[in-house]
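Hi everyone, thanks for coming.

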Amino acid sequence: MSAQALRMPGTSFGRGRVHAVAGCYFVASFAALGLPPYLTEILPELGDRQARWAGVLYVVPTVFGALGAPFWGRLADRYGRKRLLLRAQLGLAVAFLLAGWADSLATFTLALVLQGVLGGTFAASNGYLGAALEGPALSKALTLMQGSARAALVAAPIVVGSLSGWLSPHRQYALLAVLPLTAALLLAALPEPEPTVREPDEKESAPVCETAPVVSLKTLYALEFAFVFSTVISFPYLIALVDDRIPGASPLLSGVLFALPHLCYLVAALAVHSAFRDRPRTGLALGFACIALGLAGHSVAGSLPELIAVRLLLGAGLTFGLVCLQILAADCARGRAPGGMFGSLEFFSKAGAVAAGLAAAAGSARYGPAAPVLTGGAAAAVTVLAITLPPLTYRTGRSR
């Protein structure tokens with residue numbers, strides 16, 4: 001992709017700056033994504049010997065992040081996207097330092113609350129990019145941001161596990177606080193995006209208005225919630241499902257199976273963006289269909305080759321869905337204040353994750369480790385039907 005393709009008229013915001021924002025999100029999210037799987041090891045050091053609060057604390061940052069995201073987004077539109085992006089990185093650093101030095105369960109819980117309230121680097125980064133880019137350039141930048149999230153989700157737990165022999169996961173919170181601090185220093189060198197008052201270019205606006213698929217914000221939020229719910233619900237109990245289907249499976253094998261869908265995204269996301277940027281609704285329906293089939297396959301897969309196949313099918317759905325949601329989000333951002341919009345979108349994303357975690361816990365406790373994948377598959381199948389119904393057909397207006 002050329003630098004010109006990533007520039008908005010009137011700015012010099014090239015792809016190097018997009019890569020800088022995505023890279024800063026990647027390094028800052030290491031602790032946020034890599035340490036929660038180790039809560040069962042952290043909590044006994046803080047007095048919770050059975051780690052009974054691990055499930056609750058796992059979602060605490062998500063809950064408070066969801067509540068704070070719209071507020072921070074509106075502040076970014078009012079006071080500057082760069083300022084609020086720096087605030088999010090520094091907020092993460094403060095929360096990680098407090099978590100790393102906490103000597104009680106109450107203090108550690110407070111640190112996780114602050115991580116949710118003061119963080120929000122993903123929404124802040126998207127709002128920053130949304131103020132500088134539009135159309136295909138923005139959707140490609142958002143696709144790159146999701147790639148950063150997937151890469152961190154794959155790499156961070158491995159790095160944390162490797163460091164655990166020298167430093168406990170609890171104290172790694174304090175060590176990894178240096179990453180958002182470093183990201184803040186790098187972001188400080190970036191410019192504040194120019195105001196998003198755009199004069200439509202005659203050459204590009206006419207075809208876009210006539211041919212681009214447009215959905216309302218409410219529809220985008222509903223699709224985001226459904227997508228996150230149907231995919232995240234399979235995460236918490238996948239290791240238990242693998243152990244049930246392949247007794248004696250090594251932690252490395254389980255980790256590879258967990259990572260496969262995210263690796264699919266890293267390999268294929270840009271190709272999918274090129275193929276579906278003009279027809280995201282079709283790609284999104286295909287994504288939910290692959291998710292439904294992949295999760296249904298998890299319930300019957302009984303061997304390693306079968307598990308690999310259904311994980312790859314889920315990865316295809318994850319890639320189609322994430323990329324096409326970013327295309328729709330970029331389309332909805334045109335002419336809107338991006339901070340508020342991406343903050344609200346983050347609220348629905350995190351709400352879907354919280355709902356998925358609760359549903360996974362309830363279903364697994366009652367029906368076993370296959371229940372979450374069946375629930376997620378059913379949700380994805382219903383969404384496929386909803387996408388094809390008249391209420392989600394192309395719209396020419398905007399709901400604000």
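Let's start with alanine 76, which sits in helix α4, residues 54-79; helices here are DSSP runs of H or I with at least four residues, numbered from the N terminus. A quick word on the source: this is a predicted model, where local features need pLDDT of at least 70, side-chain atom pairs count only at pLDDT 80 or more, and totals for chains, interfaces and linings use all residues. Residues are numbered from 1 along each chain as its sequence is written, and side-chain values use heavy atoms, leaving out hydrogens and water.

Is alanine 76 buried or exposed? At a relative accessible area of 8%, alanine 76 is buried, meaning under 20% with a 1.4 Å probe, protein chains only. Setting aside neighbours within four places in sequence, alanine 76 is in contact with Arg81 and Leu84 (heavy atoms within 4.5 Å). Glycine 339 is 263 residues away from alanine 76 in sequence, yet their C-alpha atoms are 5.6 Å apart.

Now, the cavities. A cavity is a set of points on a 1 Å grid over the protein atoms alone where a 1.4 Å probe fits but cannot get out, and lining residues have an atom within 4 Å of a point. The largest cavity has a volume of about 120 Å³. Sixteen residues line it, and Trp72, Gly73, Gly120, Ala123 and Ala124 are the closest to its centre. At least two lining residues come from each of α4, α5 (81-101), α7 (121-132) and α17 (338-367).

The second largest cavity holds about 30 Å³, and its lining includes Ile233, Tyr237 and Pro369.

Terms used. Buried < 20%, exposed > 50% of the residue type's maximum accessible area, 1.4 Å probe, protein only. 1 Å grid on protein atoms, 1.4 Å probe; cavity = no way out; pocket = protein on both sides within 12 Å on 5 of 7 lines; lining within 4 Å. Points joined across faces, edges and corners; volume = space filled by probe spheres on them.
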